[in-house]
Amino acid sequence: MAYGLALLVLTPPFGNPDEHIHLARAYLISEGRLSVPGQAPGAEAWIPRSIVTLYDRMAHSEPLRPPTRYRRSELLASLDQALDPEIRVQAGYLGAHGPVAYAPQALAIFLGRIPEASPAVLLYLGRLSNLLAYLVAGYLAISWAPFRKWALCLLLLAPMPLAQAASLSADAPTNALAVL
């Protein structure tokens, strides 16, 4: 749990692969939009512009280049950015994961939208709920396993699955449900 929390907190916004897509998709699901959005007529998706602004400000370096470093002041400033949910921009294709894979993230984002938390706070809330759901499902899977509990524990606590669980990735709930 401590390693997962460290990954969750120390990874800057959008520091995980495709996290901007996962945030936009989870945000739409938190609003009740369960269909897979795209650019086809009638399937457009409109997300708060502040999510795109945060992504532009926190853009990371290209693959195979040294990672972008951020000052603490930049990260703290991102937590104060207004959500402004009524100012929207059109999003393109946001992946084909179903809404169940985003249930933990969408629930946390829904709760964070009530006080109009900033996009960065929504991102961190989604990460936290994803990690907690992964840990609960993992605990249940280990406790219900008839044998080889330690092998299952090691599988669940491997670096990559735990890194996914500490992100907004839809793969973490999918993996947790598969193990369960």
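Mentor: Helices here are DSSP runs of H or I with at least four residues, strands are runs of E with at least two, and both are numbered from the N terminus. This is a predicted model, where local features need pLDDT of at least 70, side-chain atom pairs count only at pLDDT 80 or more, and totals for chains, interfaces and linings use all residues. Residues are numbered from 1 along each chain as its sequence is written, and side-chain values use heavy atoms, without hydrogens and water.

Trainee: Pockets, then. What's the volume of the second largest pocket?

Mentor: About 240 Å³. That is the space filled by probe spheres set on grid points, joined across faces, edges and corners. A pocket is an open set of points on a 1 Å grid over the protein atoms alone, with protein on both sides within 12 Å along at least five of seven lines; lining residues have an atom within 4 Å of a point.

Trainee: Which lining residues are closest to its centre?

Mentor: Of 14 in the lining, they are Val 9, Leu 10, Pro 12, Leu 75 and Tyr 124. H1 and helix H4 (72-79) each give two or more residues. H4 has the largest share, 5 residues.

Trainee: Is Phe 14 buried or exposed?

Mentor: Phe 14 is buried, at 5% relative accessibility. Tyr 55 is partly exposed, at 31%. Buried means under 20% relative accessible area, exposed over 50%, partly exposed in between (1.4 Å probe, protein chains only).

Trainee: Now the largest nonpolar core. Which residues touch the most other members?

Mentor: Leu 23 and Tyr 134, out of 40 residues. H6 gives the most to this core, with 8 residues. Such a core is a set of buried Ala, Val, Leu, Ile, Met, Phe, Trp, Tyr and Cys residues joined through side-chain atoms within 4.5 Å.

Trainee: And what does Tyr 134 touch?

Mentor: Leaving out residues up to four places away in sequence, Tyr 134 touches Leu 156, Pro 161, Leu 162, Ala 165, Ala 172 and Ala 176. Contact means heavy atoms within 4.5 Å.

Conventions: On a 1 Å grid over the protein atoms alone, a cavity is a set of points where a 1.4 Å probe fits but cannot get out, and a pocket is an open set with protein on both sides within 12 Å along at least five of seven lines; lining residues have an atom within 4 Å of a point.
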